Protein chains: 2
Amino acid sequence: MTNFADSLVEQIKAKGTPCVIGLDPRIDEMPGFVLSRAMAAAPDARRRTAISVFHDTVLEAISDLVPAVKLQLAFYEQYGLEGIAAFQDTVETARRKGLIVIADAKRSDIASTAAAYANAYLGRSEAFGVSSRVFDVDCITVNPFLGADSLRPFVDCCKQFGKGIFVLVKTSNPGSTDFQDRVLADTGTPLCERVAAMVHEYGSEAVGACGMSSIGAVVGATFPDEARRLRQLMPNAIILVPGFGAQGGTAADAVKCFKADGFGAVVNASRSVTYSSISSTTSLEDFIGTVRSRTMLMISEIRAALAERRD
Amino acid sequence: MTNFADSLVEQIKAKGTPCVIGLDPRIDEMPGFVLSRAMAAAPDARRRTAISVFHDTVLEAISDLVPAVKLQLAFYEQYGLEGIAAFQDTVETARRKGLIVIADAKRSDIASTAAAYANAYLGRSEAFGVSSRVFDVDCITVNPFLGADSLRPFVDCCKQFGKGIFVLVKTSNPGSTDFQDRVLADTGTPLCERVAAMVHEYGSEAVGACGMSSIGAVVGATFPDEARRLRQLMPNAIILVPGFGAQGGTAADAVKCFKADGFGAVVNASRSVTYSSISSTTSLEDFIGTVRSRTMLMISEIRAALAERRD
């Protein structure tokens with residue numbers, strides 16, 4: 001059985017960058033060449049066609065540059081069944097291109113219900129005597145609010161199937177201060193550090209040959225001071241860093257989530273790479289060129305920030 | 001625009017009970033008459049057929065008895081695209097029968113991503129110049145861990161489309177003590193009470209003619225002492241009470257979430273009604289009889305506990 005952390009670290013080393021591109025379908029913001037391809041499809045296949053064509057094109061532009069892509073499930077779900085079918089299309093294409101697939105699902109539930117989510121994305125489901133993969137991504141994001149027992153089925157699935165999770169520890173939005181930063185009376189430290197301790201504890205069950213664990217964490221680029229502290233509390237966790245680019249996190253902020261050796265985190269950018277400077281008249285060639293050059297710019301910014309950082 | 005709280009309270013009064021039945025597809029536990037119907041379908045339609053036939057039968061048994069059903073999305077998602085198609089089938093059937101449909105989704109995200117989830121379940125989504133309903137349920141459960149700004153798009157959607165949310169405040173699992181019960185240094189009260197205060201604040205934006213709000217809360221039946229206190233902190237919130245039945249919460253525990261007038265909460269039971277005492281040889285007639293009698297038993301237990309309670 002492969003270990004998810006080992007697979008991700010191997011891809012990071014192969015591509016020479018920890019940058020990840022986020023795939024968020026927003027049909028009305030897609031370039032004209034995508035929308036005209038979609039309009040040629042049957043009315044009940046237009047959404048799926050638009051999303052699949054758009055992401056096939058993005059993947060063509062970036063798959064030799066980055067180790068992984070992050071698919072945001074909310075944006076797929078907003079297009080209903082067609083959106084979910086397009087999610088499967090994009091997962092298949094990305095995996096065929098050798099990319100690690102992160103489903104940004106932020107799922108949470110308890111007991112057998114949490115196990116059902118884990119089976120849907122990381123494991124297998126049974127029906128009529130047949131066991132099969134369902135969405136079959138490499139890892140998902142999960143919300144820890146329901147407590148340690150709610151994470152257990154996900155951790156078990158990671159161990160059984162060589163998959164990974166990223167537990168929300170400190171999110172990139174301003175409102176993450178509302179609960180995640182609240183100082184606890186017994187320890188005098190914020191709630192997010194308590195979550196970090198749980199991630200570290202579960203993480204010890206799934207450490208790979210690379211020394212990192214398949215139980216990772218989400219820490220936003222927008223709170224660099226907290227990031228430095230959380231990095232210390234979870235020495236084995238790979239940190240998924242959102243909030244770079246469109247949300248205002250800088251490269252210097254994002255690299256606070258890395259270990260001293262320059263590894264241990266992946267940084268995601270979505271909109272700023274795939275929807276910026278795109279108009280209805282952007283051609284296929286120009287779109288690929290823009291996405292590719294924005295990805296390379298992000299890669300060089302993160303590389304420079306990693307080289308320059310002093311903690 | 002109708003108000004969700006008004007619609008729910010009207011249904012509760014019409015049916016004379018606050019009991020809600022949970023629909024969790026577990027194909028391998030369904031009775032034989034459902035599985036044989038499914039096996040007659042094409043291989044790629046068997047899961048959808050099993051789930052839809054099973055829930056059509058459950059709905060036939062209970063729709064004149066209860067005000068609402070709660071569909072657990074995790075169990076649908078574990079069956080992939082077919083599961084999601086079956087989710088849509090069940091939502092349509094339940095709405096046609098006049099039932100309020102609660103999607104137990106426990107979704108959470110930030111900014112435009114949270115808005116995408118809100119649009120998927122409560123609002124509308126736009127593509128190709130057309131705006132359409134997507135999953136079109138009456139309300140969903142949401143996870144508050146990401147803070148007040150993460151709930152804002154859901155609250156706005158409730159106000160715009162006459163829908164509702166139930167915010168997780170104190171869940172029914174043992175691990176809910178890990179984070180939700182942590183005492184905060186500044187207030188000396190547990191985190192769940194802080195979440196309750198936020199629910200109450202948002203709730204004031206969506207109070208219906210009935211005096212209750214479309215912004216509700218989830219409080220497990222398994223923690224009756226906390227339930228009493230949380231009930232006081234959210235006087236306008238309708239509380240969705242899971243944990244009754246299979247999870248060990250008693251009727252006396254569950255009614256702690258009600259107001260003194262006997263309203264203000266709905267109690268859910270899933271497995272204990274729809275999968276208990278069912279075997280592969282249970283006939284259609286026996287299945288309907290069992291589900292119906294278990295529902296009536298739950299209704300009478302909750303009614304008796306409401307009549308007897310002393311706070």
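Student: Through which surface do the copies meet, the same or a different one?
Tutor: This is a predicted model, and its two chains can be compared residue by residue at their contact. Of the interface residues of chain A, 100% are also interface residues in chain B. The copies therefore meet through the same surface.

Student: Which rotation superposes chain A on chain B?
Tutor: The superposition of chain A on chain B needs 0.0 Å of shift along the rotation axis and leaves an RMSD of 0.0 Å. The two copies are thus related as by a two-fold rotation axis. The rotation itself is 180°.

Student: What confidence does the predictor give the complex, and what is the mean pLDDT of chain A?
Tutor: For the complex, the predictor gives an ipTM of 0.98 and a pTM of 0.98. In chain A, 99% of the residues reach a pLDDT of 70 or more. The mean pLDDT of chain A is 96.

Student: Which helix of chain A supplies the largest share of the side that touches chain B?
Tutor: The contact takes 56 residues from chain A and 56 residues from chain B. Several elements of chain A each supply at least two residues of its side, among them helix 3, helix 5, strand 4 and helix 9. By class, this side of chain A has 27 nonpolar, 17 polar and twelve charged residues. The largest share, six residues, comes from helix 6 of chain A.

Student: Where do the buried residues of helix 10 of chain B lie around its axis?
Tutor: In helix 10 of chain B, residues 224-233, the buried residues are Glu226(B), Ala227(B), Leu230(B) and Arg231(B). The face turned away from them carries the exposed residues Asp225(B) and Gln232(B). What covers the buried residues includes strand 7, helix 9, strand 8 and strand 9 of chain B.

Student: Against which helix do the buried residues of helix 2 of chain B pack?
Tutor: Val34(B), Leu35(B) and Ala38(B) are buried in helix 2 of chain B. They fall within an arc of 95° when seen down the axis, so they line one face of the helix. On the other side, Ser36(B) and Met39(B) are exposed. The buried residues pack against helix 3 of chain B.

Student: Are the residues on the two faces of strand 6 of chain B buried or exposed?
Tutor: In a regular strand the side chains alternate between the two faces of the sheet. In strand 6 of chain B, Cys139(B) and Thr141(B) are on one side, and Ile140(B) and Val142(B) are on the other. Both faces are covered, and these four residues are all buried.

Student: In strand 7 of chain B, what is the bridge partner of Val142(B)?
Tutor: Strand 6 of chain B pairs in the parallel sense with strand 3 of chain B over three bridges, and there Ala103(B) has Ile140(B) as its bridge partner. Strand 6 also pairs with strand 7 of chain B in the parallel sense, over four bridges. In strand 7, the partner of Val142(B) is Val167(B).

Student: What is the phi of Phe128(A)?
Tutor: Most residues other than glycine have a negative phi. Phe128(A) is found in the loop between strand 4 and strand 5 of chain A, and is partly exposed, with 13 other C-beta atoms within 10 Å. Although Phe128(A) is not a glycine, its phi is positive, at about 55°.

Methods. Residues are numbered from 1 along each chain as its sequence is written. Chains are lettered from A and ligands numbered from 1 in the order in which they are written. This is a predicted model: local features need pLDDT of at least 70, side-chain atom pairs count only at pLDDT 80 or more; totals for chains, interfaces and linings use all residues. Copies are superposed by least squares on the C-alpha atoms of residues with pLDDT of at least 70 in both. Two residues are in contact if their C-beta atoms, placed from the backbone, lie within 7 Å. pLDDT is the predictor's confidence in each residue, from 0 to 100. Ala, Val, Leu, Ile, Met, Phe, Trp, Tyr, Cys and Pro count as nonpolar, Asp, Glu, Lys and Arg as charged, and the others, Gly among them, as polar. A residue is buried if 20 or more other C-beta atoms lie within 10 Å of its own, exposed if 12 or fewer, and partly exposed in between; C-beta atoms are placed from the backbone. Two strands pair if DSSP finds at least two bridges between them. The arc is that of the directions from the helix axis to the C-beta atoms.
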